[in-house]
Amino acid sequence: MPQKYIAHVLISSLFFVIFSASMGKATDHIDGVFTVENPRIDLSDLYAFVKNDSPEKLVVVLNIITAAQVWERPDEDVAFEVLIRSANIDEVEKEINLSFEQKYKLSCVWQRSKFNCSSSTGTEVSGAINSENSQAGLRVFAGKRSDPFILNGAWAAKLAASNKIPEPFESNIIKNFNVYSIVAELDLVNELKINKLNTLAIGGQARNTETNLILDRIGRPEIANVVLQSKKGKDLRSLLNSEQALVVGSDLQIIIRQRIRENLDRYDQMEPAQYETDKDKLSNILSRDFLTIDPRLPCLDTSYFSLEAALLSDEKPQSCGGRSLKQDIIDSVYGLMVTGNPNNPISDGANTPTKPLKGEFPYLAEPNVGPKALLYSLVGRTISDLSVSGYKRTIVMLSGLGCMLIVLLLSFLGLRKFFHYLRY
């Protein structure tokens, strides 16, 4: 092996091990030790939007498994669920509270080559994986798709490690990743039995069907890995992920609210402009980890947090909220943290998903295939394993050390042969 290539391998390997451990914490897909060690239950993203030509149709997308491998499927002993409940906007206290009405639940399980979904209103939909099926007011697709998420992992790691906003540059660590998606189109009148459209709160969870324990949960984007991020404090992600969707226990919410408040102060120091929002009220809203959407308002590509932003600024909301598949959510979240306004995005430079989205159901592009997709998924999973302490990090680092030792040994043997040749 030529010496210059050996040097490149050694340097690249060392850089990869050191850099990956910090970079993996930046993405919402990898949110704690348990999801890293159990990737088949990992909820990576939650999206919600209404079809503007039909406001009574709510679309919810729940994505599962970070960098899904060719041989992987979501855990068959786990129900992947979407929970929806009416919400009330308190314009005096600047809060969005859950109503006391019974919540709607869509529960889906994966079984080898098929999926089964059932709702709390009695609708059941099933079919082959990678197909769509419908029944009454419920339409469901379940299968592997190209991950639409966009993240410059190197940029996010630099920002997390400093008090300065890095210059943006084009790099998408999610490139060529696949996920398993549940895409549900819900008729608000016929399926959710809503007689009058109002603000809705939406969350997702992974529930063990035998023990009923919550294994992972998701609400607002990047709560676990950006909003709750801390250099020194206790990792709160696993505690949050054990809570039921939509609801965070009062004791944990107090701790989360305090952490968010501290982080808002830290991010505020990165930007000389005046902060646009009351940080205490913003911390309170973010600590209640659920998406909000008002189907009576038009859904735009940049609608995320529009209901909350309008509430905090004493204005009338102009768009539905929720989360569009097209929104570069990382830019909006960092804009929210740094300036208090998601409409002042902080760009990381990554703007384009691996594949363009579709204009119709199920909206997400077909999965990435081929050697490149396989390689990217393996690297992505390795980054995931290195992102938190645990047995997987130990195995990966020992394997990496073993590879480096083999390269060193080959290098040494090659040098010995070279000097032996010069001598004789």
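**Reading the disulfides**

Me: Which cysteine forms a disulfide with Cys-108, and how far apart are their sulfur atoms?

Reply: A disulfide is a covalent bond between the sulfur atoms of two cysteines. In this structure Cys-108 and Cys-117 form such a disulfide, with their sulfur atoms 2.1 Å apart, where the criterion is a pair of cysteine sulfur atoms within 2.5 Å. Please keep in mind that this is a predicted model, in which local features need pLDDT of at least 70 and side-chain atom pairs count only at pLDDT 80 or more. Residues are numbered from 1 along each chain as its sequence is written, and side-chain values use heavy atoms, leaving out hydrogens and water.

Me: Is the link of Cys-108 and Cys-117 right-handed or left-handed, and is Cys-108 buried or exposed?

Reply: The link of Cys-108 and Cys-117 is right-handed, with 115 degrees about the S-S bond. Cys-108 is buried, its relative accessible area being 2%, and Cys-117 also counts as buried at 4% (buried means under 20% relative accessible area, exposed over 50%, partly exposed in between, with a 1.4 Å probe and protein chains only).

Me: How many disulfides does the structure hold, and which cysteine is joined to Cys-299?

Reply: The structure holds 2 disulfides, and one of them joins Cys-299 to Cys-320, with an S to S distance of 2.0 Å. The torsion about the S-S bond of Cys-299 and Cys-320 is about 110 degrees, so this disulfide is right-handed. Cys-299 counts as buried at 12% relative accessibility, and Cys-320 counts as buried at 0%.

Me: What pattern do the disulfides follow along the chain?

Reply: With bonded cysteines counted along the chain, the pattern is 1-2, 3-4.
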